[in-house]
Amino acid sequence: MNAPRLDIDLDKLHHNASELVIRLGARGIAVTGVTKATLGSPEIAATLLRAGVASLGDSRIENVDRMRRAHINAFMHLIRSPMPSQADHVVRLADTSFNTELAVIRQLSLSATRARVRHGIVLMVELGDLREGIMPVDLDAMVRAVLQLPNITLQGIGTNLACHSGVSPDANNMAELSALANAIETSFGISLELVSGGNSANLDWALGNNDVGRINHLRLGEAILLGCEPLHRTIITGLHTDAITLVAEVIEAKTKPSQSRGTIAQTAFGTKPVVATLKESLRAILAVGCQDVDPAGLTAASGTRVLGASGDHLVVNVDSGSVDVGDEMRFGLNYSALTRAMTSSFVHKETLCTPSAVQTVAGENQPTVV
Ligand SMILES: *Cc1c(COP(=O)(O)O)cnc(C)c1O
């Protein structure tokens, strides 16, 4: 098999997505499966849809395009505010986009009018995390302006917490979003289809005993792909944390002193070199590096430890057992390691699944039938 590679177990991903869809469904919350960490992989997207997600979301229009070309038939949200220069693509490829700037929405309106389509808008509200979002005091004026734009439908409002400042979704900020939704509906006499509470960081809140209020939607990536929630990185009960693993190949295995020799300056990536405590140990070098993966986000199998990495060498200490050149080693990944490995063209992606689940999607390299 090719190395390095990500082994992607579609059955486990299906299980994770389906569990979350069922548990959140019982609370009146629909799930958008977020595909950005997979670069819009059509096989993964199809798996999430089979598991019952209501729609797909991605932050990059190129990924949405990839899924459309592979004939993934789903409602798709662009979950990052569009670049104005991409407005034409956005209205053609995505059903809705998440927005915070009137200038961008005006551009989308012009593009949608030209393309003779309607484009949905979800207005993102700033509730404390200080990444994207309209300040709550400015929301009314924004809604008023958006409602006047041709070929634009206001689909709902949403918020994003935890990603930038680590602000936890809780009863207060979720109640604030619900109150904003109610206020908009009353002031403008409209009904908002989506009140989107957030990402995987909302699961503690959403699956707790709180009243969910008006929140009827979450956007989930990490929880489905890695089986954990991002606030404390705790495992979500009943979910697989090894649906995606990294496999790399050993290109050197030698016993070496643990103390480096010579005058110590910076390492390849500017970090401080590892200071050793052991005398001598068996070290494996694997053909994968910082260019392909975030080494700090790898979990090694028991009996082995990741010591560090440079651009294309991963250094692993073998505390127990043996290792030979040509052996493969398997690692768990966190979100950072996963996104980088998915993005590296040097890392092969191998999807595994039971035969009944295969080939529900046309291969993306097949010609598009118009
Ligand atoms: C990435 C992203 C998500 C998904 O986040 P996860 O933590 O992977 O669930 C949801 N919403 C927005 C706006 C995002 O950018």
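Modeller: Gladly; what follows is a tour of helix α7, and then of some other places in the chain. Please keep in mind that this is a predicted model.

Let us begin with the helix itself. Helix α7 runs over residues 171-188, which makes 18 residues. From its first C-alpha to its last it reaches 26 Å, close to the 26 Å expected at 1.5 Å a residue. Now look at which of its side chains are hidden. The buried residues of α7 are Asn-173, Met-174, Leu-177, Ser-178, Leu-180, Ala-181, Ile-184, Glu-185 and Phe-188. They are on the same side of α7, because they cover an arc of only 155 degrees around the axis. The spacing of such a list has a simple background: an α-helix has 3.6 residues a turn, so residues three or four places apart point the same way. If you turn to the other side of α7, you will find Asn-172 and Thr-186, which are exposed.

What lies over the buried residues? The cover of α7 includes the strands β6 (119-125), β7 (152-159) and β8 (194-198), together with the helices α6 (139-147) and α8 (203-206).

Both ends of the helix deserve a glance too. After the helix comes Gly-189, whose phi is positive, near 60 degrees.

Buried in α5 are Val-104, Ile-105, Leu-108, Ser-109, Ser-111 and Ala-112. Among the elements that cover them are β6, α6 and β7, and these three are also part of the cover of α7. The list for α5 includes α4 (87-93) and β5 (96-99) as well. The residue that follows α5 is Arg-116, with a positive phi near 55 degrees.

Positive phi values turn up in loops as well. Asn-151 sits in the loop between α6 and β7, and its phi is near 65 degrees, although Asn-151 is not a glycine. Arg-233, in the loop between α9 (222-226) and β10 (244-257), has a positive phi of about 55 degrees. Arg-233 counts as partly exposed because its relative accessibility is 46%.

One more helix residue is worth a stop: Val-64, in helix α3 (residues 61-69). Its relative accessibility is 0%, so Val-64 counts as buried. Leaving aside neighbours within four places in sequence, Val-64 is in contact with Asp-58, Met-76, Leu-93 and Ala-94.

Finally, the ligand. There are 13 residues around it, and Lys-36, Ser-200, Arg-219, Gly-221 and Glu-222 come nearest. A nitrogen atom of the ligand is 2.8 Å from an N or O atom in the side chain of Arg-219, while another such pairing, at 3.4 Å, involves a ligand nitrogen and the side chain of Asn-160. An oxygen atom of the ligand is 2.8 Å from a polar backbone atom of Gly-221. Taken alone, the ligand exposes 390 Å², and the protein buries 94% of that.

Definitions and conventions. Residues numbered from 1 in each chain as written. Predicted model: local features only at pLDDT ≥ 70, side-chain atom pairs only at ≥ 80, totals over all residues. Heavy atoms only, no water. Helix = DSSP H or I, 4+ residues; strand = E, 2+ residues; numbered from the N terminus. Expected span 1.5 Å × (residues − 1). Buried < 20%, exposed > 50% of the residue type's maximum accessible area, 1.4 Å probe, protein only. Arc of directions from axis to C-beta. Contact = heavy atoms within 4.5 Å. Near = heavy atom within 4 Å. Polar contact = N/O pair within 3.5 Å; in protein donor to acceptor, adjacent residues only side chain to side chain. Areas by Shrake-Rupley, 256 points an atom, 1.4 Å probe, with all protein chains shown as cover.
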